[in-house]
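Visitor: I would like to learn how to read helices in a model like this one. Could we go through it together?

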Amino acid sequence: MILETIHSPEDVKALDKHQLPQLCGELREFLVQSVSQTGGHLASNLGAVELTVAIHRVFDTARDRLVFDVGHQCYVHKALTGRRELFSTLRQFGGLSGFPKPYESVHDAFIAGHASNSVSVALGMARARTLQNGDYNVLALIGDGALTGGLAYEGLNNAGASGEPLIVILNDNGMSINPNVGAMSRHLGRLRSKPAYYHFKKWYRGLFGKHPADNCIYRFNHKVKSFLKKSIWPRSTLFEDMGFTYLGPIDGHDLPRLCDMLEWAKELHGPVVVHVYTVKGKGYPFAEQNPGKFHGISPFDPATGLLKKPGGESFSSQFGKTLTDCAAQDARVCAITAAMADGTGLAPFAKEFPSRFFDVAIAEGHGVAMAAGLARQGMIPAFAVYSTFLQRGYDQLIHDVSLQSLHVVLGVDRAGLVGADGETHHGCFDALFLSAIPGFTVLCPASFAELRAMTRQALFEIPGPVAVRYPRGGEGRFRENTADAPLVCLRQGADVTLAAYGIMIDRVLDAAELLEKKGIFAKVVKLNRISPLRYEELAPFLGGTGLLAVVEDSFGTGCVGQRLGAILAEHGDAPGKLILKNLGKTYAPEGSVAQLEHSFGLDAAGIAAAVEEERAREQ
């Protein structure tokens with residue numbers, strides 16, 4: 001196999017061009033077999049095989065800077081840069097990350113995980129190169145999905161005007177960039193992509209030296225050409241209007257043409273957009289037929305495409321079903337998603353109430369602002385969004401929602417530790433930043449029954465902005481519904497008080513049982529609402545034992561435990577000792593939720609051990 005001989009991009013460059021199709025085929029087979037064992041992002045990587053091989057044929061990513069947007073399509077890049085043998089550990093604790101990580105390889109220029117920032121980052125690198133008199137290429141690889149985020153246009157606007165040599169590769173696997181142009185755009189795209197055309201243009205530019213723009217004859221001819229072009233075909237591309245040279249669109253699976261186009265883009269020495277059409281899931285029929293399913297998939301049988309462990313009911317699906325039921329009862333209820341209809345459980349709502357369902361694409365800030373507009377005019381918008389991506393709408397939460405106390409409901413999905421996607425995707429900030437915004441009510445269900453009840457409370461009973469935060473996956477041992485109270489005591493004990501919210505209540509209940517076996521009796525308090533926190537509600541539950549341990553899968557600074565301690569101390573009712581069990585200031589890596597909880601001491605054994613250690617110190 002050719003792939004087994006590839007240990008670095010230099011080996012890719014050394015291949016004869018006739019060997020490249022076989023390499024691409026082997027890469028696809030490798031991806032299917034590897035991801036079927038570990039799970040991961042498959043369809044996007046299958047579609048980017050030829051493009052990634054072309055990049056490594058033309059550029060030196062150890063020196064040139066390749067910035068991935070989101071990074072879903074980085075697996076081929078990793079396989080070609082010396083990490084192929086690590087794929088058995090993909091997205092596992094202590095293993096290979098599913099996203100670009102500079103600590104893994106010199107070939108990973110920048111961390112990735114969230115969308116739409118690649119052009120901005122690449123422009124910063126290009127400007128640093130100019131200021132430092134460097135000599136390397138800078139590329140941003142962005143998909144059409146990420147191009148729906150506003151930050152991408154901020155970067156493009158500035159990059160096009162900068163004149164900096166910068167190559168933006170647009171991997172377009174679904175969204176039409178310029179739908180109104182039609183046949184003329186395709187005709188000019190074919191013309192521009194033909195080798196004879198670009199060889200002529202390169203020869204023409206070469207007549208005027210290394211910097212043709214400095215030659216008055218070239219500038220005059222260029223202006224005449226641009227005038228004639230706009231007169232005959234007045235619709236230029238958005239990219240050209242921003243100051244880019246636009247190349248394409250071209251077939252992203254035609255490796256020779258890709259290499260030619262990237263060589264040309266490199267030689268233009270200015271802002272260039274290379275527009276590439278690819279097929280998501282290319283080469284694996286199941287992924288081509290259902291690219292959404294195989295975008296991010298759990299382990300599956302490669303022969304059938306079926307999951308090895310079919311998924312069951314989840315907090316996401318329960319939220320979507322409850323919201324759909326509520327929409328049937330009240331015509332004011334609307335649903336918003338940021339390109340995550342399936343992931344957030346809103347697909348049934350979209351089917352049942354299409355006129356009240358809004359997919360804003362990868363534009364969380366816009367989603368929050370639009371929700372504020374809907375609420376201001378009397379609708380009841382519910383924005384279902386992953387916790388990690390809600391961070392991108394923080395300004396709108398304050399400026400557009402909180403300042404006017406608008407009744408916007410947030411379904412904060414994937415709250416807390418989420419597992420294999422790692423540090424860029426854990427939802428460990430929302431409990432902190434939502435609680436810090438004036439007027440927000442933050443509810444934390446621990447069971448499906450509580451999620452259904454709290455969603456209805458958020459929609460119809462609680463005024464102002466409300467967030468209902470819930471974890472990825474299904475419910476645990478706790479299956480009750482205590483949603484009517486801000487906090488409840490689930491277990492009595494005189495030695496220590498254990499407090500938690502959301503799914504972490506399962507870990508606390510387990511810890512209480514472990515402690516009891518050692519003669520330590522724990523009171524277990526479950527917080528259903530973490531904002532607002534009121535002393536008169538807290539005091540009857542949190543006192544009495546002298547030792548309070550608060551367990552959370554969030555960061556430490558500004559956490560609920562700190563706020564509880566401060567509120568009790570303010571009223572002269574501080575516990576004798578406060579134990580805060582959380583992530584501290586450390587980002588959680590990839591790994592299963594159970595592995596991560598254990599590593600941070602947030603599992604039952606870790607919680608019990610912390611209590612025992614503190615009691616031992618007191619004796």
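Visitor: What span should the 13 residues of helix 16 have, and what separates its end C-alpha atoms?

Guide: First, a note on the source: this is a predicted model, where local features need pLDDT of at least 70, side-chain atom pairs count only at pLDDT 80 or more, and totals for chains, interfaces and linings use all residues. Residues are numbered from 1 along each chain as its sequence is written, and side-chain values use heavy atoms, leaving out hydrogens and water. Helices are DSSP runs of H or I with at least four residues, strands runs of E with at least two, numbered from the N terminus. The expected span is 1.5 Å times one less than the number of residues. Helix 16 (residues 364-376) should therefore span 18 Å, and its end C-alpha atoms are 18 Å apart, which agrees.

Visitor: Which residues of helix 16 are buried?

Guide: Buried means under 20% relative accessible area, exposed over 50%, and partly exposed in between, with a 1.4 Å probe and protein chains only. In helix 16 the buried residues include Val368, Ala371 and Leu374. The buried residues pack against elements including strand 6 (333-337) and helix 18 (394-402), with contact meaning heavy atoms within 4.5 Å.

Visitor: At what angle do helix 22 and helix 23 pack?

Guide: Two packed helices are described by the angle between their axes and the distance between the axes. Axes are lines fitted to C-alpha atoms over the stretch in contact, with angles from 0 to 180 degrees between N-to-C directions. Here the angle is about 95 degrees, with the axes of helix 22 and helix 23 10 Å apart. That makes helix 22 roughly perpendicular to helix 23 (65 to 115 degrees).

Conventions:
Angles under 35 degrees count as roughly parallel, over 145 as roughly antiparallel, 65 to 115 as roughly perpendicular and the rest as oblique.
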